[in-house]
Amino acid sequence: MTTPPTTDLDEATALRHQLADQLATAGHIRTRAVDQALRTVPRHAFAPEVPVHTAYANDIVATRHSDDGRITSSISAPWLQADMLEAARIQPGHRVLEIGSGGYNAALIAELVGPTGHVTTLDIDPAVTDRATRFLAQTGYDRVHVVTADAEHLPTGIVPDGGFDAILVTVDTWDLPWIDALTEGGRLVAPLRLHQYHWAITFTKCDGALHSDEPLIVCGFVAMQGAGAWNANRRTIPGTGVHLSWEDGTPLPVDQLAPALTHEPVVAHTHVTVGGQEPFDALTLYLAGALPGFCRLAVDPDGHNGALNPPPKHWPGAAIVRGTSLARLATERISDGDDGNGLHEFVVHGYGAQGRLAAQEMAEQVRHWQRNHRGARCPHITARPAVGCAPAGTDHEPHVFAKKHARITVDWSIVPSGTRSCSAG
Ligand SMILES: C[S@@+](CC[C@H](N)C(=O)[O-])C[C@H]1O[C@@H](n2cnc3c(N)ncnc32)[C@H](O)[C@@H]1O
């Protein structure tokens with residue numbers, strides 16, 4: 001293995017081991033193989049534009065931006081790479097596909113599969129694959145097969161006989177078009193968007209379908225480009241700064257909703273509480289599957305929003321539309337809480353003539369989640385190829401998310417294993 005001559009090797013090596021120690025202590029590295037890979041591959045060689053200590057920070061390194069300044073490619077955060085590699089359970093000799101390249105993670109996978117295995121890394125952006133090819137060659141990982149293509153349709157010839165043993169998706173994805181490319185018993189790890197929630201989910205393929213079997217990892221990745229780019233299906237209530245999005249499900253008319261927002265809401269209490277720092281994304285995913293007409297509600301901070309107070313910034317709220325009425329989940333602070341971070345009650349605000357009924361309907365689902373699923377936190381998720389399934393109708397099928405290539409079922413009845421914490425990729 002060769003490393004670029006301009007780098008202070010001792011400093012880079014020391015920083016690499018420090019990072020691996022940190023990841024092992026925090027539980028992101030759990031096996032000797034992943035530990036060894038992270039201690040071996042020179043991360044700084046894949047990010048020559050940043051200082052060496054930045055390359056070894058436990059954070060993403062942005063490597064490409066769009067014209068409007070969004071990050072379109074990055075080297076993912078080391079903690080997330082370690083978590084996803086552990087979840088994939090890659091073994092020597094495995095044939096692995098990485099979707100979304102950068103070079104570094106492909107080199108880590110190359111360490112895990114060893115000389116008898118094979119790694120293919122695929123990216124839509126030729127500038128990314130050029131870089132990855134160059135850095136992989138410079139660091140001695142030129143056995144990695146680098147492909148420029150849109151992952152929506154894998155090029156013929158890249159899928160090995162019988163399928164890949166593991167597929168790691170390192171870009172935010174709304175769908176799972178890769179089920180057929182995975183071998184039976186193989187593992188697929190993907191940051192899947194479900195109604196604007198994105199969790200990295202680990203699946204094993206069994207009888208042609210994917211079944212989740214690891215804790216979900218809450219994370220954020222750069223957006224999918226190309227034919228699989230997700231559509232927010234965002235509608236603005238006319239004359240307001242209130243936006244409703246149906247990333248999944250069928251968008252409902254919003255044109256008649258503005259008058260509902262001119263009056264103070266009816267408030268339905270749930271008597272279900274949440275701590276100030278406690279995540280409740282599992283509740284919102286539960287509501288997304290349980291309630292027809294579910295959507296995400298965002299409010300312009302300085303818009304004309306009538307009686308609607310903005311939901312927390314960067315976190316579009318949970319809402320349902322019922323004709324010309326609307327209900328949305330909110331919280332009310334009820335005390336400082338034991339930890340001083342505040343204790344809040346989930347309440348539902350109803351707007352419009354049917355607002356009370358809509359608010360009661362959502363409040364009842366919050367109580368149902370509290371009684372039956374809150375302790376569980378993490379549902380079992382199944383993905384089947386959409387081919388052969390009944391076409392998605394406009395009728396609501398509880399906890400089923402009908403994508404273009406896959407039907408995702410979220411089953412809350414199965415005993416779960418919890419969620420892990422969050423950041424970026
Ligand atoms: C977070 S980066 C990948 C990080 C990389 N795995 C690493 O070494 O850390 C996500 C990549 O996905 C790529 N991407 C976006 N849409 C894609 C698509 N439709 N097909 C293939 N790659 C895509 C982007 O160009 C970007 O380089």
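Visitor: Leaving aside neighbours within four places in sequence, which residues is Leu188 in contact with?

Guide: Happy to start there, with a predicted model in which local features need pLDDT of at least 70 and side-chain atom pairs count only at pLDDT 80 or more, while totals for chains, interfaces and linings use all residues. Residues are numbered from 1 along each chain as its sequence is written, and side-chain values use heavy atoms, with hydrogens and water left out. Contact means heavy atoms within 4.5 Å. With that cut-off, the partners of Leu188 are Ile167, Leu176, Trp178, Leu182, Ile201, Thr202, Phe203 and Leu210.

Visitor: Which residues touch the most other members of the largest nonpolar core?

Guide: A nonpolar core is a set of buried Ala, Val, Leu, Ile, Met, Phe, Trp, Tyr and Cys residues joined through side-chain atoms within 4.5 Å. Buried means under 20% relative accessible area, exposed over 50%, and partly exposed in between, with a 1.4 Å probe and protein chains only. The largest core has 62 residues, and the members touching the most others are Ile167, Leu176, Trp178, Leu188, Leu287, Leu329 and Ile408.

Visitor: Which helix gives the most to this core, and how many residues does it give?

Guide: Helices (H or I, at least four residues) and strands (E, at least two) are DSSP runs, numbered from the N terminus. Residues 281-290 form the helix in question, and 10 of its 10 residues are buried, among them Leu283, Leu285 and Leu287. The top contributor to the core is helix 7, with seven residues.

Visitor: How many residues of helix 5 are buried?

Guide: Helix 5 covers residues 104-113 and is largely enclosed by the rest of the structure. Its buried residues include Tyr104, Asn105, Leu108 and Ile109, and Gly114, with a positive phi near 70°, follows the helix.

Visitor: Which strands stand at the edges of the open sheet of seven strands?

Guide: Two strands pair if DSSP finds at least two bridges between them. The pairing in this sheet is antiparallel and the order is 11-12-14-15-16-17-13. Each edge strand has a single partner, so one side of it is left without a neighbour in the sheet: these are strand 11 (234-236) and strand 13 (266-275).

Visitor: At about what angle does helix 8 run to strand 13?

Guide: Axes are lines fitted to C-alpha atoms, for helices over the stretch in contact, and angles run from 0 to 180 degrees between N-to-C directions. Helix 8 (residues 355-372) lies across strand 13, strand 15, strand 16 and strand 17. Within that group, strand 15 and strand 16 run antiparallel and are joined by four bridges, with Val321 opposite Leu326. The angle of helix 8 to strand 13 is about 20°.

Visitor: Which residue in the turn of the hairpin of strand 1 and strand 2 has a positive phi?

Guide: Strand 1 (residues 61-65) and strand 2 (residues 71-75) pair antiparallel over four bridges, with Ala62 opposite Ser74. Five residues separate the two strands, and the one with a positive phi of about 90° is Gly69.

Visitor: What pLDDT does the chain average?

Guide: pLDDT is the predictor's confidence in each residue, from 0 to 100. It stays under 50 over residues 415-425, yet 90% of the residues score at least 70. The chain average is 89.
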